[in-house]
Amino acid sequence: MKGIVFVMSGPSGAGKTSILKEVLKCNKNLDFSVSYATRERRPAEIDGKDYIFVTEAEFGKLLEENEFLEWAKVHGNYYGTSKNQVKKSVDSGTDILLDVDIQGAMSVMKALKDAVYIFVAPPSYGELIRRLESRGTENIESLRMRLEDAKWELEQVKHFQYLVVNDNLNHSVSQFEAIITAERLRVDRIVNEKGERFLFEEKTR
Ligand code: 5GP
């Protein structure tokens with residue numbers, strides 16, 4: 001059985017990273033898609049684990065080599081998802097979680113019809129401002145850009161299948177896990193056209 005692609009998106013500051021860290025801790029059969037990024041590494045981030053940090057020239061070369069499933073310029077920097085990484089997980093039967101911006105999620109929607117699209121929203125715009133400011137990771141210009149971009153981003157929720165309003169981390173993690181569990185139990189994912197469970201394919205032959 002192939003792995004499932006879970007695409008998590010939402011405005012910067014909604015709490016996507018906090019949710020995904022908890023979800024990845026508790027889920028064995030779930031990889032994280034480590035994106036390429038041209039922005040500067042934050043002190044707490046690890047190259048190769050949080051992102052693969054590259055220069056704009058390196059990013060351009062990867063783009064030429066057709067390495068990206070999707071890519072986008074987000075709040076002034078380039079980010080891209082590795083096609084190979086996603087394919088490797090899916091082909092080996094491992095689910096994979098992508099954390100991408102809205103433009104990226106919409107590109108994946110065109111490329112992967114059976115992926116799962118989850119929008120993470122803050123409880124309010126005011127709370128988003130508060131979180132981004134208190135996170136202290138952005139300079140004034142980046143903060144302004146992220147808050148401005150969030151207005152359009154929040155309107156795109158209609159294109160997604162699931163909505164998690166992140167007002168409480170534990171609650172949001174539980175909701176996220178419920179989505180993963182439900183998607184893994186979908187009959188069309190585990191039973192083929194003949195009514196056989198893919199899981200038992202080898203044994204029934
Ligand atoms: P940050 O700089 O705060 O880590 O991320 C900024 C935004 O870029 C977030 O909304 C995050 O979801 C998005 N992002 C991270 N990786 C990718 C990627 O590979 N592709 C796209 N399109 N967006 C990404």
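Visitor: Why is Arg 130 called partly exposed?

Guide: Arg 130 has a relative accessible area of 46%. Buried means under 20%, exposed means over 50%, and partly exposed is what lies in between, using a 1.4 Å probe and protein chains only. So 46% lands in the partly exposed range. Keep in mind that this is a predicted model, where local features need pLDDT of at least 70, side-chain atom pairs count only at pLDDT 80 or more, and totals for chains, interfaces and linings use all residues. Residues are numbered from 1 along each chain as its sequence is written, and side-chain values use heavy atoms, with hydrogens and water left out.

Visitor: What makes Arg 130 and Glu 127 a salt bridge?

Guide: A salt bridge needs a side-chain nitrogen of Lys or Arg within 4 Å of a carboxyl oxygen of Asp or Glu. Here the N to O distance is 2.8 Å, so the pair qualifies. Both sit in helix H5, three residues apart, which means they are separated by about one helical turn. By "helix" I mean a DSSP run of H or I with at least four residues, while a strand is an E run of at least two, numbered from the N terminus. Glu 127, at 18%, counts as buried.

Visitor: How do you know that Glu 138 and Arg 42 tie together parts that are apart in sequence?

Guide: Their side chains meet in a salt bridge at 2.8 Å, N to O. Glu 138 lies in the loop between helix H5 (125-135) and helix H6 (140-155), and Arg 42 in the loop between strand E3 (35-37) and strand E4 (51-53), so the pair joins parts that are 96 residues apart. Glu 138 is buried at 17%. Both also belong to a salt-bridge network with Arg 39, Glu 45, Arg 135 and Arg 146. Across the whole structure, the search finds 17 salt bridges.

Visitor: Why are Arg 189 and Glu 183 called buried?

Guide: Arg 189 has a relative accessible area of 13% and Glu 183 has 3%, so both pass the buried test. They form a salt bridge too, with closest N and O atoms 2.8 Å apart.

Visitor: What lines the largest pocket?

Guide: There are 39 lining residues, with Thr 17, Arg 42, Tyr 51, Asp 99 and Arg 135 nearest its centre. On a 1 Å grid over the protein atoms alone, a pocket is an open set of points where a 1.4 Å probe fits, with protein on both sides within 12 Å along at least five of seven lines; lining residues have an atom within 4 Å of a point. The volume is about 970 Å³. H1 gives the most to the lining, with six residues.

Visitor: How does that lining divide into nonpolar, polar and charged?

Guide: It has 13 nonpolar, twelve polar and 14 charged residues. Asp, Glu, Lys and Arg count as charged, Ala, Val, Leu, Ile, Met, Phe, Trp, Tyr, Cys and Pro as nonpolar, and the others, Gly among them, as polar.

Visitor: What is the distance from a polar side-chain atom of Ser 35 to an oxygen atom of the ligand?

Guide: That distance is 2.6 Å. A polar contact is a pair of N or O atoms within 3.5 Å, so Ser 35 makes one. For Lys 16 the figure is 2.9 Å, and for Thr 81 it is 3.3 Å, so these two also pass.

Definitions and conventions. Grid points are joined across faces, edges and corners, and a volume is the space filled by probe spheres set on the points. A polar contact is a pair of N or O atoms within 3.5 Å; within protein, one must be able to donate a hydrogen and the other to accept it, and residues adjacent in sequence count only if both atoms are side-chain atoms.
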